[in-house]
Amino acid sequence: MSGRGRVNKHHPDYLKYVDEFNSLRDEWARKEDEILYPFISTGKRPDKLTTRAVERLYKQFGKDARALQDRYSYLFEK
């Protein structure tokens with residue numbers, strides 16, 4: 001576990017946090033689809049370079065999500 005605790009859904013900034021997280025997630029999914037579409041559409045397995053690109057994308061998403069949580073850290077109860 002990350003040790004973040006529960007999010008306070010009653011805080012006025014909660015919806016702003018959710019919107020930003022959803023935008024981040026949608027952007028990540030769009031980039032993943034761009035990378036993997038040629039393989040998904042043909043039914044072939046992704047090569048190693050593509051797999052590494054997706055892994056880097058996952059890591060970047062994790063970093064960006066953590067930065068977003070840090071920015072809204074006051075929403076999380078310990």
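Predicted model: local features only at pLDDT ≥ 70, side-chain atom pairs only at ≥ 80, totals over all residues.
Q: Okay, how do α1 and α2 cross?
A: The axes of α1 (residues 14–42) and α2 (residues 48–71) cross at roughly 175° and come within 11 Å. That makes α1 roughly antiparallel to α2. Angles over 145 degrees count as roughly antiparallel, under 35 as roughly parallel, 65 to 115 as roughly perpendicular, and the rest as oblique. The axes are lines fitted to C-alpha atoms, for helices over the stretch in contact, with angles from 0 to 180 degrees between N-to-C directions.

Q: Which residues make that contact?
A: On α1 they are Y17, E20, F21, L24, R25, W28, K31, E32, I35, L36 and F39. On α2 they are T50, A53, V54, L57, Y58, F61, D64, A65, L68, Q69 and R71. Contact means heavy atoms within 4.5 Å.

Q: And by class, how many are nonpolar, polar and charged?
A: The contact of α1 with α2 has 14 nonpolar, 2 polar and 6 charged residues. Ala, Val, Leu, Ile, Met, Phe, Trp, Tyr, Cys and Pro count as nonpolar, Asp, Glu, Lys and Arg as charged, and the others, Gly among them, as polar.

Q: Nice. Where does α1 bend?
A: α1 bends by about 60° at L36, and the proline P38 follows within four residues. The bend at a residue is the angle between axes fitted to the seven residues ending there and the seven starting there.

Q: What should α1 span, and how far apart are its end C-alpha atoms?
A: The 29 residues of α1 should span 42 Å at 1.5 Å a residue, and its end C-alpha atoms are 41 Å apart, which agrees. The expected span is 1.5 Å times one less than the number of residues.

Q: And what about the 24 residues of α2?
A: They should span 34 Å, and the end C-alpha atoms of α2 are 34 Å apart, so that agrees as well.

Q: Which residues are buried in α1?
A: Y14, Y17, L24, E32, L36 and F39 are buried in α1, and the buried residues of α1 pack against α2. Buried means under 20% relative accessible area, exposed over 50%, and partly exposed in between (1.4 Å probe, protein chains only).

Q: Which ones in α2?
A: In α2 the buried residues are T50, A53, V54, L57, F61, A65, L68 and Q69. What covers them includes α1.

Q: Let's zoom in on T50. What is it in contact with?
A: Leaving aside neighbours within four places in sequence, T50 is in contact with I35, L36 and F39. T50 has a relative accessible area of 10%, so it is buried.

Q: How about F61, which residues does it touch?
A: F61 touches F21, L24, R25 and W28, not counting residues up to four places away in sequence. F61 is buried, with a relative accessible area of 19%.

Q: Switching topic: where is H11, and what does it touch?
A: H11 is in the segment before α1. Not counting residues up to four places away in sequence, H11 touches Y74 and L75. H11 and L75 are 64 residues apart in sequence and 6.9 Å apart in space, C-alpha to C-alpha. At 25% relative accessibility, H11 counts as partly exposed.

Q: And which residues is N8 in contact with?
A: N8, also in the segment before α1, is in contact with Y14, L75 and E77, leaving aside its neighbours within four places in sequence. At 24% relative accessibility, N8 counts as partly exposed.

Definitions and conventions: Residues numbered from 1 in each chain as written. Heavy atoms only, no water. Helix = DSSP H or I, 4+ residues; strand = E, 2+ residues; numbered from the N terminus.
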